[in-house]
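Let's walk through this protein together, starting with its overall layout and ending where its parts meet. Have a look at the structure first.

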Amino acid sequence: MALDKDLDAFKDVRETKTVDATKKLRIGFIGCGWIAGAHMRAFKKQPDVEIVAGCDLIPGKAAAFFEKNEVEGVKTDYASHKEMLDDESLNLDAVTICTYNRQHAEPAIYALKKGINVLLEKPFTVTLDEAVEVCRAEKESGKLLSIGFQPRMDANMKMIKKIVESGELGQVYYIQTGGGRRRGIPFPYGTTFIEDKTAGIGALGDIGCYSLDMVLNAIGYPKPLTVSGYKSAFFGKDPNYPPYVKAGHPEYAEKFGVDDFAAAFVRLEGGIILDFRIAWAMNLDTPGDTIIMGTKASLRIPSTECWNGSVGGPMTLYHNVCGEPTKTEIPIISMKENLFELKVRTFLDAIKEGTAAPVPSSQILYNQAIIDGIAKSAEAGREIEIEIPEI
Ligand SMILES: NC(=O)c1ccc[n+]([C@@H]2O[C@H](COP(=O)([O-])OP(=O)(O)OC[C@H]3O[C@@H](n4cnc5c(N)ncnc54)[C@H](O)[C@@H]3O)[C@@H](O)[C@H]2O)c1
């Protein structure tokens, strides 16, 4: 009963927000590929937005993108993000950066230095050093930077955080998280996810960042201290990987330059242990559910078949009632809102209201530090200390 009441209260908050459409925010797109389409659909629904510019490194791609999405009067004659951001006639309030991972840091820094607010797709960056540089540019600019983790907007994800914050679990001391796909190396529109020169990191950054965020956000993002990491690429580098063969692209095996599986054992501040594994491909349905173990109770969050940042089914709380071990199912909350629309809306609201970023870089810096630490530890073949420079 108490749970139903909570959910109703949550629903009320979501439904009462109104948008002041008198002041329009001028928006530019950097990168007009696959995910830019989801951003476009979300921005088009906002009554206080004017999409004024877009660019892509591939000539003609930005113009074709806006034509396909039926948005007129958008300036697209730019060879790079720099040319677009240098065009002061645009008076941009914000840009949405939808470029591949290796092109996250540079456009974000350039935009922030120009005094433009930034919505940056996940993963934050490829390396920790890049993330630190972006955070410094954000601090110097005083502008807003939000990282594109739309699962944060999911009511079920919020429920995980709510359960931890309620104290129901007691002191959290061990977390297992991750997941993945049996056959799910992403190459829907080419090789930008799998080549080192564009992606830089594979499953570790692509979907690993989501599962890390799911648990770290719930427990308040403690600082990561040490990591022992592993990564491999047995499926991606195999020309006989069935989806390559089916798609007629066995040559993608040659191009594959990132990880398709990663695992790690991470020590977090506060004596918390994080046990993590993530796969784009494996000979298994799942490497395990997410579990958050506490001194009073534990929470099991079922993994999804295709890990994309959602909760895989009803969660289970293992707690004690009158001293007896008991299980309580936490039902899935169905949402009618689109997560991309919420991601965009919360970003716009934060700009207009001068409030904190919905997904702040100060938190995702720790997410990136773990990803970077896993990659470095895997290369060194031993546990390493995670050192995060001052911003
Ligand atoms: N939030 C989500 O659910 C979600 C889903 C898919 C992808 N993503 C993320 O979005 C990013 C892009 O993924 P995608 O699938 O759209 O890739 P994509 O390869 O389809 O598109 C990226 C586009 O960016 C362009 N580009 C690269 N650098 C540029 C620059 N400096 N200036 C202008 N254009 C530039 C490329 O030419 C390309 O057209 C990735 O980092 C990915 O992790 C997020």
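Domain bounds here come from an automatic or database domain assignment. With that in mind, the protein chain splits into domain 1 (14-151 + 340-358) and domain 2 (152-337 + 368-385). What you're looking at is a predicted model, where local features need pLDDT of at least 70, side-chain atom pairs count only at pLDDT 80 or more, and totals for chains, interfaces and linings use all residues. Residue numbers start from 1 along each chain as its sequence is written.

Now for the whole chain. You'll find 13 helices and 14 strands in the protein chain; helices (H or I, at least four residues) and strands (E, at least two) are DSSP runs, numbered from the N terminus. Its C-alpha atoms fill a box of roughly 70 × 55 × 45 Å along the principal axes. How many of the 391 residues are buried, as a percentage? That's 47%, where buried means that 20 or more other C-beta atoms, placed from the backbone, lie within 10 Å of the residue's own.

Back to the two domains. Their centres, taken over C-alpha atoms, are 26 Å apart. Where they meet, 21 residues of domain 1 are in contact with 25 residues of domain 2, contact meaning that the C-beta atoms, placed from the backbone, lie within 7 Å. On the domain 1 side, α6 (128-141) and α12 (339-353) are the elements that give two or more residues. Of these, α12 provides the largest share, four residues.

Technical notes:
A residue is buried if 20 or more other C-beta atoms lie within 10 Å of its own, exposed if 12 or fewer, and partly exposed in between; C-beta atoms are placed from the backbone. Two residues are in contact if their C-beta atoms, placed from the backbone, lie within 7 Å.
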